[in-house]
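Visitor: I would like to go through this model and ask what stands behind each label.
Guide: Please look at the sequence and structure, then ask.

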Amino acid sequence: MITVIANLKGGSGKSTVAFNLAVWLERNGRRVVGYDLDPQCTFSDLGMLRKEIGNKPDLNIQSVRAVLGEQLVAHRDCEVLVDVGAANMAAMKEAMTSADRILVPVPPSQADVWATQRFLHIVGPDMEAVSMNGRHRTMAFVNRADTNKSIRETHETEEALRMLPGIDEVMPHRLKMRTGFRRSLSEGLAVFEMWPRSKAADEFRALAAALYPDVTGQLN
Ligand SMILES: Nc1ncnc2c1ncn2[C@@H]1O[C@H](COP(=O)(O)OP(=O)(O)OP(=O)(O)O)[C@@H](O)[C@H]1O
Ligand SMILES: [Mg+2]
């Protein structure tokens with residue numbers, strides 16, 4: 001399965017989600033091939049940091065300026081995760097042409113809904129024309145959701161995302177604003193490795209299991 005994690009706006013959680021997914025998949029016995037198309041190199045730096053510290057399993061994440069659709073398709077027997085950045089739109093579009101799905105993390109705010117709408121508008125027509133897999137599935141979910149239930153933005157963001165043409169599914173699996181995500185990254189660890197019993201870990205495992213329902217065992 002080729003999953004591209006994308007959105008235009010910085011800080012929506014693309015690299016955090018890509019890294020945690022890569023670790024979760026490897027720990028559940030899947031082979032992961034990661035591509036980091038963002039010049040900031042966060043995804044690949046996290047893989048390197050993990051290796052330097054000696055955290056297992058190692059991750060195979062390459063930092064590249066561009067990746068051809070054919071290269072991604074060649075890894076069909078692996079779980080392919082591609083982290084992209086707005087700084088490299090051409091590479092982002094190229095990677096998307098062969099994706100099975102686009103995973104779009106969206107923080108809960110009107111500005112982020114607009115940014116997501118713009119993102120879909122920019123990539124949508126090109127994707128329709130050149131997609132190698134037929135049209136891929138575009139799945140959005142709220143990341144950095146408010147922990148306080150009385151704050152309405154998360155719900156409103158999900159409602160707004162459901163109205164956007166180009167979004168096939170708004171996943172109900174929110175990741176809330178949890179400092180564990182930030183802290184675990186600085187140790188080269190996934191949040192469920194550092195704090196397996198935390199709410200952040202529970203939320204992440206629920207999201208990952210929904211994205212990969214055929215992963216058995218569901219180890220953390
Ligand atoms: N659910 C969350 N709760 C708390 N912090 C989070 C959460 N998700 C991401 N973060 C933190 O927010 C910051 C930005 O996340 P990240 O780097 O993953 O975003 P990004 O979309 O990859 O940004 P960029 O577009 O700049 O590459 C990081 O410090 C990350 O640890
Ligand atoms: Mg990033």
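Visitor: Which residues does phenylalanine 204 touch, not counting residues up to four places away in sequence?
Guide: The model is a predicted one. In it, phenylalanine 204 touches Val17, Asn20, Leu21, Trp24, Leu175, Phe181, Val191 and Phe192, with residues up to four places away in sequence not counted.

Visitor: What makes the largest nonpolar core a core, and which residues have the most contacts inside it?
Guide: A set is called a nonpolar core because its members are buried nonpolar residues joined through side-chain atoms within 4.5 Å. The largest such set here has 33 residues, and Leu21, Leu81, Leu103 and Phe204 have the most contacts inside it. Two or more residues each come from helix H1 (14-27), helix H2 (42-53), strand E6 (137-145), helix H7 (179-186), helix H8 (191-194) and helix H9 (199-211). H1 gives the largest share, 8 residues. Another core, of 28 residues, lies apart from this one, with Ala95, Ile102, Val104 and Ala140 among its members.

Visitor: Why are H1 and H9 called roughly perpendicular?
Guide: Two packed helices are described by the angle between their axes and the distance between the axes. For H1 and H9 the angle is about 75° and the axes are 11 Å apart. The label covers 65 to 115 degrees, and H1 and H9 therefore count as roughly perpendicular to each other.

Visitor: Which residues meet where H1 packs on H9?
Guide: From H1 come Val17, Asn20, Leu21 and Trp24, and from H9 come Phe204, Arg205, Ala208, Ala209 and Leu211. Sorted by class, this contact has 7 nonpolar, 1 polar and 1 charged residues.

Visitor: Why is alanine 210 called partly exposed?
Guide: Buried would need under 20% relative accessible area and exposed over 50%. Alanine 210 has 32% relative accessibility, so it counts as partly exposed. This residue is in helix H9 and touches Met171 and His173, leaving out residues up to four places away in sequence. Its C-alpha atom is 17 Å from that of glutamate 158, which is 52 residues away along the chain.

Visitor: What is the phi of arginine 144, and where is this residue found?
Guide: Most residues other than glycine have a negative phi, and most peptide bonds are trans. Phi of arginine 144 is near 65°, a positive value, and the residue is in strand E6. Arginine 144 has a relative accessible area of 35%, so it too is partly exposed. Cysteine 41 also has a positive phi, near 60°; it is found in the loop between strand E2 (32-36) and H2.

Visitor: Where is the cis peptide bond, and what is its omega?
Guide: The bond joins lysine 56 and proline 57, with omega about -5°. Proline 57 is in the loop between H2 and strand E3 (61-63).

Conventions: Residues numbered from 1 in each chain as written. Chains lettered and ligands numbered in written order. Predicted model: local features only at pLDDT ≥ 70, side-chain atom pairs only at ≥ 80, totals over all residues. Heavy atoms only, no water. Buried < 20%, exposed > 50% of the residue type's maximum accessible area, 1.4 Å probe, protein only. Helix = DSSP H or I, 4+ residues; strand = E, 2+ residues; numbered from the N terminus. Contact = heavy atoms within 4.5 Å. Axes fitted to C-alpha atoms, helices over the stretch in contact; angles between N-to-C directions. Parallel < 35°, antiparallel > 145°, perpendicular 65-115°, else oblique. Nonpolar A, V, L, I, M, F, W, Y, C, P; charged D, E, K, R; others polar.
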